[in-house]
Every structure is written in structure tokens, then in C-alpha cells.
Amino acid sequence: MITVYLNRRIGDDERRELLFGGDFFLYSDIGGADALADHAKDLIGQAFDGLDPERAQYEMDVDEFIRRVEPLKREFTNGQRTKELCRQFATDLGVDPELTYFDIPRLRVIPADQFLTAGVSYNYKAHRDMWYGHPQQLVNYWTPVFPVVGDNVMSMYTDYFDKPVKNGSNQYDYDEWVSKHRTAAAGEKTTDTRPHPLPLEDFESHGEIRIAGQAGDVFMFSSNHLHASAPNTSDVTRFSYDLRTINLDDVRRGRGPRNVDSGATGTTLGDFLRVSDLAPLDADEFSDALSGS
């Protein structure tokens with residue numbers, strides 16, 4: 001059974017325990033989340049220069065769309081303003097700022113009608129974030145920048161939270177991805193040839209759900225959930241951002257959901273920044289804990 005908690009104000013330790021069991025949390029009116037969505041809107045407005053960004057895809061070809069989106073995503077992810085707003089986001093949700101680290105957020109830009117499904121607008125196939133080298137203790141926060149509907153959000157396959165799926169994660173190494181493939185997104189226009197860890201078997205989910213919220217609403221879940229980009233049939237481009245956090249005590253003590261099927265090597269932990277002061281995390285410190293998780 002999966003429980004969905006709406007605007008439930010509880011301690012972060014208790015909340016993470018419920019998340020690690022597969023439950024969901026939904027929050028509205030979180031100041032930091034709204035501010036980060038507003039920041040994304042400002043950058044999106046600059047990138048599309050007077051056009052309606054949700055419908056701009058109909059005013060240009062794919063090459064022009066990529067030319068605008070690639071620097072937009074890079075600035076959102078790496079800009080100092082984004083990092084400061086992530087600190088506010090996390091503290092507004094009540095995490096411990098000394099023990100909690102966040103991975104710099106990603107802006108997702110998913111056009112409608114198969115206009116672009118690769119590269120900068122890659123439509124993620126069914127996956128767990130652990131297949132991409134994330135730790136089991138990861139918590140995911142997904143937030144729309146503009147209101148979304150069921151036709152342009154994520155598919156969550158809730159009945160596969162603790163059920164394995166044969167996949168290619170044992171061929172995925174995060175360090176190799178960073179050095180060879182991460183920056184190649186802008187060159188992928190029709191088929192994404194980068195080595196994403198994909199399912200290697202067909203699966204049928206009887207527990208698919210889609211969460212559609214307003215701009216700034218936060219959908220919070222354990223990244224052990226199997227999820228995918230739903231095909232965008234909404235007639236508008238979907239803009240959203242995702243943020244991920246870990247609590248160091250969880251990593252040190254091996255807390256978190258059971259690893260049911262991930263064989264990825266390498267770790268994203270070196271990308272994480274401490275909420276209190278943006279200090280980077282030393283991933284080498286946790287190599288023993290990760291190997292035992």
C-alpha cells in the first residue's frame with residue numbers, strides 16, 4: 001500500500017522513513033519551491049524572448065529550440081542564484097541543514113507531440129535513479145514550473161517499488177557518463193544514443209499514477225520508485241525541475257529502501273552541496289558505506 005500525504009508537517013526523519021517505505025508527500029505553498037519556480041520562469045522568459053514558452057516549439061524548428069534550451073538548462077543548473085534558492089527550498093521543508101546535501105537541480109523541458117524527445121529534451125524511459133549512480137538514500141523533489149496535467153507529467157509505477165526489473169544498469173558507470181556523455185546532449189536530435197540504463201524486459205504495471213500540480217507544487221518521493229517521462233500529448237511544452245537530497249546519517253548507517261535491481265557503478269555524491277553553506281561533499285569519505293548499501 002502506498003500512502004499519499006498532503007501538506008503533512010512532520011519531522012524530516014519521520015518523513016524520510018515513510019518515503020523509504022514507498023509513500024509520497026505533496027506540498028503546496030513552500031516558499032523556496034515557489035521562488036525556484038519563479039527563477040526558472042525568469043530564465044525561460046529570457047531564453048524564449050517574448051514568445052509563449054509553452055507554445056514556442058510551434059514557432060521554430062528543432063535546431064533553434066535546442067539553441068535556446070541548452071544554455072537555459074545550463075544556467076539554471078549551475079547558476080549561483082539557483083544554489084541559494086535550493087538552500088531556501090530545503091530549509092523551508094525542515095531538513096537538517098548540516099546533515100542534508102543536495103544535488104544541483106535539473107530543468108526538464110519536454111515538448112509536445114514528439115517534437116524533440118532526445119538530448120536536451122530526453123524523455124526518460126522507465127528507470128530508478130539508482131540506475132544512474134545515485135545512492136539508495138536519495139529523496140527526490142519534482143516541481144512543475146507551469147501548471148501541468150496528466151498528459152505531460154511523470155508516470156510512477158508504484159507496484160514496482162520493491163519489485164525488480166531486468167535492466168542495463170550494470171553497464172552504467174557514472175564517472176564515464178560525466179566524462180563522455182553528459183555534455184553531448186545538444187547533439188542528440190532524433191534518437192538519444194547515449195548509454196542510458198534502460199529496462200531489458202517488458203513489464204506491465206497495474207499501479208501507474210501521475211501527479212499533476214500547479215506551478216511550485218512539490219511532489220516528494222523515494223528515488224527507488226520506478227518512473228518515466230510520460231509521452232507529452234498535452235499540446236504544450238512541459239517545464240519542470242527536479243531536486244534531490246541525501247541525509248548523511250542515512251548514508252553512513254545504510255538506511256533506505258532495499259536495492260532490488262541496480263548494478264550501476266560510480267556515485268553522484270561528489271556533486272552534492274551542503275544546505276548550510278554549499279560546501280561540497282567528499283564522496284570518498286562514504287565509499288565503505290556505499291559499497292555496503
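Guide: Let us begin with burial: a residue is called buried under 20% relative accessible area, exposed over 50%, and partly exposed in between, with a 1.4 Å probe and protein chains only. Phe 65 has 0% relative accessibility, so Phe 65 counts as buried. This is a predicted model, in which local features need pLDDT of at least 70 and side-chain atom pairs count only at pLDDT 80 or more, while totals for chains, interfaces and linings use all residues. Residues are numbered from 1 along each chain as its sequence is written, and side-chain values use heavy atoms, with hydrogens and water left out.

Visitor: How many aromatic pairs does a search of the whole structure find?

Guide: Rings of Phe, Tyr and Trp (its six-membered ring) pair if their centres lie within 6.5 Å; planes under 30 degrees apart count as stacked, over 60 as edge-to-face, and the rest as tilted. The search of the whole structure gives 18 aromatic pairs. One of them joins Phe 48 and Phe 239, edge-to-face, with 6.1 Å from centre to centre and 80° between the planes.

Visitor: Which parts of the chain does this pair link?

Guide: Helices (H or I, at least four residues) and strands (E, at least two) are DSSP runs, numbered from the N terminus. Phe 48 belongs to helix α2 (residues 31-48) and Phe 239 to strand β9 (residues 238-247), so the pair links distant parts of the chain, 191 residues apart. Both Phe 48 and Phe 239 are buried. A further pair is formed by Phe 65 and Phe 115: the ring centres are 5.3 Å apart and the planes stand at 80°, so this pair is edge-to-face. It too links distant parts of the chain, with Phe 65 in helix α3 (residues 62-78) and Phe 115 in the loop between β3 (100-110) and β4 (139-144), 50 residues apart. Ring pairs join Phe 48, Phe 65, Phe 115, Phe 146 and Phe 239 into a cluster.

Visitor: Which residue lies over the face of Tyr 160?

Guide: A charge sits over a ring if NZ of Lys or CZ of Arg is within 6 Å of the ring centre and within 35 degrees of the ring normal. Here Lys 163 lies over the face of Tyr 160, at 4.7 Å from the ring centre.

Visitor: What is the order of the strands in the sheet of seven?

Guide: Two strands pair if DSSP finds at least two bridges between them. The open sheet of seven strands runs β1-β2-β7-β4-β9-β3-β10, with mixed pairing. At its edges are β1 (4-6) and β10 (272-274), each of which pairs on one side only. Within this sheet, β2 (residues 24-27) and β7 (residues 218-222) pair in the antiparallel sense over three bridges, and Leu 26 has Phe 219 as its bridge partner in β7.

Visitor: Which residues touch the most other members of the largest nonpolar core?

Guide: In soluble globular proteins, nonpolar side chains tend to be buried together. A nonpolar core is a set of buried Ala, Val, Leu, Ile, Met, Phe, Trp, Tyr and Cys residues joined through side-chain atoms within 4.5 Å. The largest core has 46 residues, of which Ile 44, Phe 48, Phe 89, Leu 107, Tyr 141 and Tyr 241 touch the most other members. Helix α2 supplies the largest share of this core, eight residues. A second, separate core of twelve residues includes Tyr 157, Tyr 174, Trp 177 and Ala 228.

Visitor: Where does Leu 278, with its positive phi, lie?

Guide: Most residues other than glycine have a negative phi. Leu 278 has a phi near 65° and lies in the loop between β10 and α7 (287-291). Its relative accessible area is 17%, so Leu 278 is buried. Asp 235 also has a positive phi, near 75°, and is placed in the loop between β8 (226-229) and β9. With a relative accessible area of 46%, Asp 235 is partly exposed.
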